[in-house]
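These are my notebook entries on a structure that I went through chain by chain. I wrote down what I looked up and what I found.

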Amino acid sequence: MDETDVVIECQQGNRDAFRYIVETYGDTLFGTAFLMTRDRAAAEDIVQSSLLLAWKGIPRFKAGTNLKAWLVRILVNQVMSQRRRKQHSQSPLDAAATRPATTVDGLEAVLESERQQEIQAALYTLDDRTREAIVLRYFAEMSIKEIAQTLKWAEGTVKSRIHRGLASLRTHFDATAPSLVMALEE
Amino acid sequence: MAPDRSLESEMSRWFSDQRNDLKAPPDLWEELEPRLGPQDVAPAWQRLFGFRWAVRRLTMRIAATAAVLGLFAVVAVIYVALSETTSDDRFASQSESTIGQEQWRGIETDQPSAQTARPTATTSATTVAPPVFAATATAAPASAGGLLPIPPVAVLDSRTTVAAIGDVLPIIGPGGSQLPSQITREQAQEIVTLAVSSSGYGITPDQQEEIVVRLMNGDWSDLQDAEIPLDLTFFQNYGVNPFVDVSAEPISTFSMDVDTASYTVGRGYLDSGRIPPPASVRVEEYINYFDQDYPPAIDALDGHIEGALSPYSDDGTYLLRVGVSAIDVDPFERRSANIVLVIDTSGSMSQGNRISLVQQGIFTLLDSLREGDTVGVVTYSTQAMTQLRPTGDLNEARSVVSRLHPDGSTNAQAGLRLGFTLAEENFADDKSNHVILLSDGVANVGTTEPGGLLDDISEFARDGIFLSTVGVGLGNFNDVLLEQLANRGDGSYAYIDTAAEARKVLGTDITGLLEIVARDAKVQLEFDEAAVESYRLVGYENRSLETEQFRDDSIDAGEIGAGHTVTAMYELKLKDGAADDLGVVRLRWLDPETGAAFEKERDISFSEVDRPFESASPRFRFTSSVMAVAEILRRSPFFVEVDPLHVVSTLAAAVADLESPSEERELLSLLNTAIELGVLSND
């Protein structure tokens, strides 16, 4: 069954078809949200609310167009609209609304090597917008065109943001992690 | 130095490792599935909606054209009548003296206020003089017939109903997400109530009964045919200001308004993937929700002008932004406050997180109070009760508020009366005396008609006890009641939907609420016929004033708190080869202490608006875009041809250029989601 058929099934209210979509793209969505927020509980909430919106909106989604890009667009918008609310310090209410945190297994496991920690740290020295572009490019593996549509930027802006992002990562490594620069030069 | 290429491949490798490690929670689907709800729109019905929408747009265009033509005729007749009774030296009392900024001229207000701010404030300056415009005071309202009505038809469609069923199921069902095969009358009534409030309109009891019966019979799928005439409104529709011909009516006057609730309500809808009901959208409140970056005011109020060509029309329409900023007061230097909280603890407040939002907000408020302030607490459900007599002991207040427990019906009138009684007993001349009502606005016992309470509240405001209102809980939230109450109480009206918003309204913004720096503040623009063909004030429909009311200080207008900003947008059509002088803008307000009137004015020149949109400041472009968003959401006849995508793109470009956008970015992302979901489109 190809993806267009799955979408059409969803549009007719078939939950099993939607489950297929959730299982196909769940990891990409969660990972993208996590890398943008660096907060596992927030990423889980964002994925949930994005998928709820996607279910509501899928009757108006044009079957045959890029489903992954559409899902990521919804997700990125959710990340941004929730960011403001998170900026005001976490309140007891917010805390009560989130589920009890699952064990923090991912993050530590992910960051085994020193180099990975350095990259992760460097990634979070970037401003939000640049980091978003880089996450979409290298993690969600979206094309420049898809990123441009998702972030509502011109393609040139996406290219220059990513270029500048990489340059700024390099500067960061130059300053803080000469070992990494050497590793990269090998 | 490592070339980017190798860094890039390193990044790719790192992210590829991340892909192996970052997995969605295993129970993602299990968590999600029960929350899905029925599919929103059936494709067949969607096509039907598209057709209806096209017809509606066509109808509105015809109505708009007809109304504008009709208006010109009406205005022309009235103008002729007025010009016979009004001499040309209406503004002869002005004298030029520079105050504040260079372009602004102070106006000697030789007809001081007819009212004083508080009962004991008597100064020699406040002798009552006849209003300057007495000769025209009885003239027919020139703009009364000028509003373009949005067709008074509420579409209680299957989409709204299905959405409401989705909202209700967790309440009525034993955890299931399918519509039960049998629903009780109570359940059906609850669904209808929610569907009606989501649509933003009211219906008659007969209509409600019909739909309830259809729901009980499982006969609800074709509800889109049930076009229900507007009856009682939750969100009142104030129409849309039309273009006004300058040769017929050169003067535009309105009362300043710092309310923001309409935007917060709309944001709640967008956040849940829905479009706010058109009647809930007040353009000025969308605009005023966002901070402006006007320079700090030197007088109590300062004005700011910026303009550019409108990107939303191709006929050379200009946008003019009239901004007003109030002088800021250090939170530590504000007057002490006597506050009485009147808290709705009726049964409806137990829905969702309403009561905890209220508690959250009050705790923030208590945190921002300081020595010398007092707070009292009244709660009301079926009856009103004094929970705490006014005291400076804030810990006692905290403990009272933490024990709130919703129960019973809603007697808002009794609650407010008791609140004002406490405030009156505790009245202090040298303090700010304020009653704050926190409610979901549903008053089902006592006088639920706003009119019953309003007169008394105006009396208290005149005596120096102000009333502000804070709404919570989308659903059966009664927007009109709370706005009207605050309006009469010379306070402000805000809506809280999140803990963050509660902290903003009752924490960050509290100084502006408690420290009023200008009372009965009004704006007037007089356009020069030689330069301006016509103008349209976008928003402020329920704040418009007659020309002569500008200098009539007995007319109630907006109260402006410390640090507040007020912004109005005009659309202007200019004459070819226009002179540089477009007109004059005037601000008038009363000193809250003495009741003395202040007025200042400045010219508006063509050079201030003569620039392409792209060259205007980011803040101007953002504000213009918010105006356009609100116009589209409220289905303004002047924006039916404008592509929402175009508006969102101007908004995105402005946000990209702003210094540190936060709430601005949030709006952008909400609109982007609405576009992705296909709910915001013009086809």
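**Entry 1, ground rules.** I am working with a predicted model, in which local features need pLDDT of at least 70 and side-chain atom pairs count only at pLDDT 80 or more, while totals for chains, interfaces and linings use all residues. Residues are numbered from 1 along each chain as its sequence is written, and chains are lettered from A and ligands numbered from 1 in the order in which they are written.

Within chain A, helix α2 (residues 15-37) has the highest confidence, at a mean of 90, and helix α5 (residues 92-97) the lowest, at 34; helices (H or I, at least four residues) and strands (E, at least two) are DSSP runs, numbered from the N terminus. I marked residues 88-112 of chain A, where pLDDT stays under 50 and the model has 26 contacts beyond four places in sequence, a contact being a pair of residues whose C-beta atoms, placed from the backbone, lie within 7 Å.

I counted 18 helices and 21 strands in chain B. Of its 683 residues, 51% are buried, where buried stands for 20 or more other C-beta atoms within 10 Å of a residue's own, exposed for 12 or fewer and partly exposed for anything in between, with C-beta atoms placed from the backbone. Of the contacts in chain B between residues at least 6 apart in sequence, 82% join residues at least 24 apart.

I traced an open sheet of six strands in chain B, in the order β11-β10-β9-β12-β13-β14 and with mixed pairing, where two strands pair if DSSP finds at least two bridges between them.

I then followed β13(B), which runs parallel to β12(B) and is joined to it by seven bridges, with B:Leu437 opposite B:Thr469. Strand β13 (residues 465-472) of chain B also pairs with β14(B), in the parallel sense over five bridges; here B:Val470 stands opposite B:Ala494, and B:Val472 has B:Ile496 as its bridge partner. Is β13(B) enclosed or open? Eight of its eight residues are buried, so β13(B) is largely enclosed by the rest of the structure.

Helix α9 (residues 354-368) of chain B lies across β9, β10, β12, β13 and β14 of chain B, at about 135 degrees to β13(B). Helix α13 (residues 479-488) of chain B packs on the sheet, touching β12, β13 and β14 of chain B, and its direction makes about 160 degrees with that of β13(B).

A nonpolar core is a set of buried Ala, Val, Leu, Ile, Met, Phe, Trp, Tyr and Cys residues joined through C-beta atoms within 7 Å. I found 140 residues in the largest one, where A:Ala33, B:Leu301, B:Ile560 and B:Val629 have the most contacts inside it. The most is given by α2(A), with 10 residues. A second, separate core has 57 residues, including B:Val340 and B:Leu506.

B:Met256 sits in the loop between β6 (251-255) and α7 (261-271) of chain B, and counts as buried because 28 C-beta neighbours lie inside 10 Å. Among its contacts beyond four places in sequence are B:Val324, B:Ala521 and B:Ile560. B:Ile251, found in strand β6 of chain B, has 19 C-beta neighbours inside 10 Å and therefore counts as partly exposed. Beyond four places in sequence, B:Ile251 is in contact with B:Gln524, B:Glu526 and B:Thr547.

Terms used. Two residues are in contact if their C-beta atoms, placed from the backbone, lie within 7 Å. pLDDT is the predictor's confidence in each residue, from 0 to 100. Axes are lines fitted to C-alpha atoms, for helices over the stretch in contact, and angles run from 0 to 180 degrees between N-to-C directions.
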